[in-house]
Amino acid sequence: MSHDPARSRHIKKMKKSAPKITKDTTIQEALALGGAAFDILGRYFGPGCLACGVAAFETLEMGVISHGLDESKVTELIKELQEVSDKREILKSGASSPQK
């Protein structure tokens, strides 16, 4: 497979423009990432949390703490959600079109 410098620059640019997920990202902001984020957040917090009004202002860190999870889970959750965010941005840009 040949190296395509233009494609590499495009992917780097897309990764930079993908929303940055942090411990201060609200659950509602994370939910805006779509289906994969719903699955991840549901796994960590339970499905009821996703429809709760508190999701609008509760951060990921607050969610981990309020649900009685070990604080080390914050880092894992952020990593999983950032992967979703990056993948969503790349797909949205068309940078990774399926090959037939």
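Student: Which residues touch the most other members of the largest nonpolar core?

Tutor: Of its 20 residues, Ile27, Leu41, Phe45, Leu60, Leu77 and Leu81 do. The elements giving two or more residues to this core are α2 (27–31), α3 (35–45), α4 (60–66) and α5 (73–93). This is a predicted model, where local features need pLDDT of at least 70, side-chain atom pairs count only at pLDDT 80 or more, and totals for chains, interfaces and linings use all residues. Residues are numbered from 1 along each chain as its sequence is written, and side-chain values use heavy atoms, leaving out hydrogens and water.

Student: What makes a set of residues a nonpolar core?

Tutor: Its members are buried Ala, Val, Leu, Ile, Met, Phe, Trp, Tyr or Cys, joined through side-chain atoms within 4.5 Å.

Student: How do you know whether isoleucine 78 is buried or exposed?

Tutor: Its relative accessibility is 18%. Buried means under 20%, exposed over 50%, partly exposed in between (1.4 Å probe, protein chains only). Isoleucine 78 therefore counts as buried. It is found in helix α5. Of the protein's 100 residues, 36% count as buried.

Student: What does isoleucine 78 touch, beyond four places away in sequence?

Tutor: Ile21, Thr22, Lys23 and Leu60 (contact means heavy atoms within 4.5 Å). Its C-alpha atom is separated by 6.0 Å from that of isoleucine 21, 57 residues apart along the chain.

Student: Which residues are in contact with leucine 60, leaving aside neighbours within four places?

Tutor: Among them are Ile21, Ile27, Leu41, Phe45, Leu77, Ile78 and Leu81.

Student: Why are α3 and α5 called roughly antiparallel?

Tutor: They pack at an angle of about 165°, with their axes 9 Å apart. Axes are lines fitted to C-alpha atoms, for helices over the stretch in contact, and angles run from 0 to 180 degrees between N-to-C directions. Over 145 degrees counts as roughly antiparallel, under 35 as roughly parallel, 65 to 115 as roughly perpendicular, the rest as oblique. So α3 and α5 are roughly antiparallel to each other.

Student: Which residues make the contact?

Tutor: From α3: Ala36, Ala37, Ile40, Leu41, Arg43, Tyr44 and Phe45. From α5: Lys73, Glu76, Leu77, Glu80, Leu81 and Val84.

Methods. Helix = DSSP H or I, 4+ residues; strand = E, 2+ residues; numbered from the N terminus.
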